[in-house]
Amino acid sequence: MNVSVEHLGPCKKLLRFELDASEVSAEYDSLTKDYLKHAALPGFRPGKAPKHMILKSFGPRIEEEVKRKMTGDAYKKAIDEHKFRPLTYPDLEDGEFSLSAGLKFTATVEVQPDFELPDYKGLAVKRENRVVSDEDVEKALNLLREQRATYTDVARAAQTGDFAVVNYTGTCEGKSIVELVPTARGLSEQKGFWVEIGSEKFIPGFSDQLLGAAAGDKRTVTVTFPAEFVAAELSGKTGVFEVEVVLIKERVIPPVDEELAKAFGAAGVDALRQGVRVDLEKDLKSRLKRNVRDQLVAALLNRVNFDLPDGLVQQETRSAVYDIVRANQERGVPKDAIDGKKEEIYSVANDSAKERVKAMLLLSRIAEKEGLQVTREEVGNHVLALAARHQIKPEKLVKQLQESNGIAQIQEQILNAKTLDLLELNAQVEDVAPSAG
């Protein structure tokens, strides 16, 4: 067998294979003997049919099996000999194949980069000495109260904390905003739009100018779009909005009482407070652990540089773009506004993807060096937990995961978690006072 390697990039290899006719013939003869022993033809017991009839009936299948087996064996041998670490399945391209000419084919594959592992034990990290306070519990209870808030129409002037339901049209530089920014239709005109008086969640300064307004009032609201406004074309410019107030709604927040506790499934107020504290403590523990692990990964990333596989980076970039777009949609950002920031979203996603790929390669290499492995039981427990969380039958979830390569992703997550456990166990952790806020 003759193999030549062409370097298409730092992590992309093109392997050219040539196997001579004698190798192909030997494999063909070996497989033919197996067929002679076991193949069944009408009128003959298994293993008793003559060779020429076996070849007439099974010749094409034997050749295809020979080709497939020799291609796979040759590829695996070449990968082992060159010590490549494939990241993807090879892209195989057929060449010649015959008993007289031998076998020729190419394989294009993306492989892990070559790099020396940095020192990964004894990494210095800081952990905040933070605890859940009574004030934290009260803040969380207030958020629960706000979730059960009701909104009542009132026949009076708007006060801070009220909500004004308005219709408006917006202009900038004497033109409809949509003429200047086609993706900002929501700023040009809205009907039945809720504005919280005293809040800057919409446009800073907008709601303040509705203070004291009542249902039926009309007002002209003038604002300056902030520098970091979602529609960058409007940043620093003046917007003028003709506003009609339709309704004023008062927000009524319930007290912390037995009724509120019951609404959240607690036996009483004391049980509600205790439940809130337990949840906050779990969340705090998780956040502190995540922060330590983020520091460990950042320290690793800073200790070594190497080329990254383009294909894997692009795959992760697509995933990151999807996550960013979904997060913006959940925040209520209009589709047009998202489309207007495609280049910025891609740039942020690409930078994030490069870090994720680099971290994945480092953690994978550490796991390999330390002999860390994932058991079937661990994967099974993870799947059962996912099924319970999403209220889906485990069998159905397993089928979905198998169809989407999700099992491999779960194995990677578990292995990464084990590797981070090892890094944290061997880290130099300094407990520090909580930062402000």
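I began with Asn167, which in this predicted model sits in strand S7, residues 163-172. Looking at its side chain, I found a polar atom 2.8 Å from the backbone nitrogen of Gly192. With neighbours within four places in sequence left aside, I listed the contacts of Asn167 as Gln190, Lys191, Gly192, Glu242, Val243, Glu244 and Val246.

Next I looked up the largest nonpolar core, which has 26 residues, and noted Phe206, Leu210, Leu234 and Phe241 as those with the most contacts inside it. S7, strand S10 (218-224) and strand S11 (238-252) each supply at least two residues of this core.

I turned then to the largest pocket, whose volume is about 1,800 Å³. It is lined by 37 residues, and the closest to its centre are Met360, Ala408, Gln409, Glu412 and Asn416. Helices H7 (269-303), H8 (310-330), H10 (342-370) and H13 (406-425) each give two or more residues to this lining, and H13 gives the most, with 9 residues. I counted the lining of the largest pocket as 17 nonpolar, 11 polar and 9 charged residues.

Last, I checked the second largest pocket, which holds about 630 Å³ of space. Of its 28 lining residues, Leu187, Phe229, Val230, Val333 and Pro334 are the closest to the centre, and the lining divides into 15 nonpolar, 5 polar and 8 charged residues.

Definitions and conventions
Residues numbered from 1 in each chain as written. Predicted model: local features only at pLDDT ≥ 70, side-chain atom pairs only at ≥ 80, totals over all residues. Heavy atoms only, no water. Helix = DSSP H or I, 4+ residues; strand = E, 2+ residues; numbered from the N terminus. Polar contact = N/O pair within 3.5 Å; in protein donor to acceptor, adjacent residues only side chain to side chain. Contact = heavy atoms within 4.5 Å. Core = buried A, V, L, I, M, F, W, Y, C linked by side-chain atoms within 4.5 Å. Buried < 20%, exposed > 50% of the residue type's maximum accessible area, 1.4 Å probe, protein only. 1 Å grid on protein atoms, 1.4 Å probe; cavity = no way out; pocket = protein on both sides within 12 Å on 5 of 7 lines; lining within 4 Å. Points joined across faces, edges and corners; volume = space filled by probe spheres on them. Nonpolar A, V, L, I, M, F, W, Y, C, P; charged D, E, K, R; others polar.
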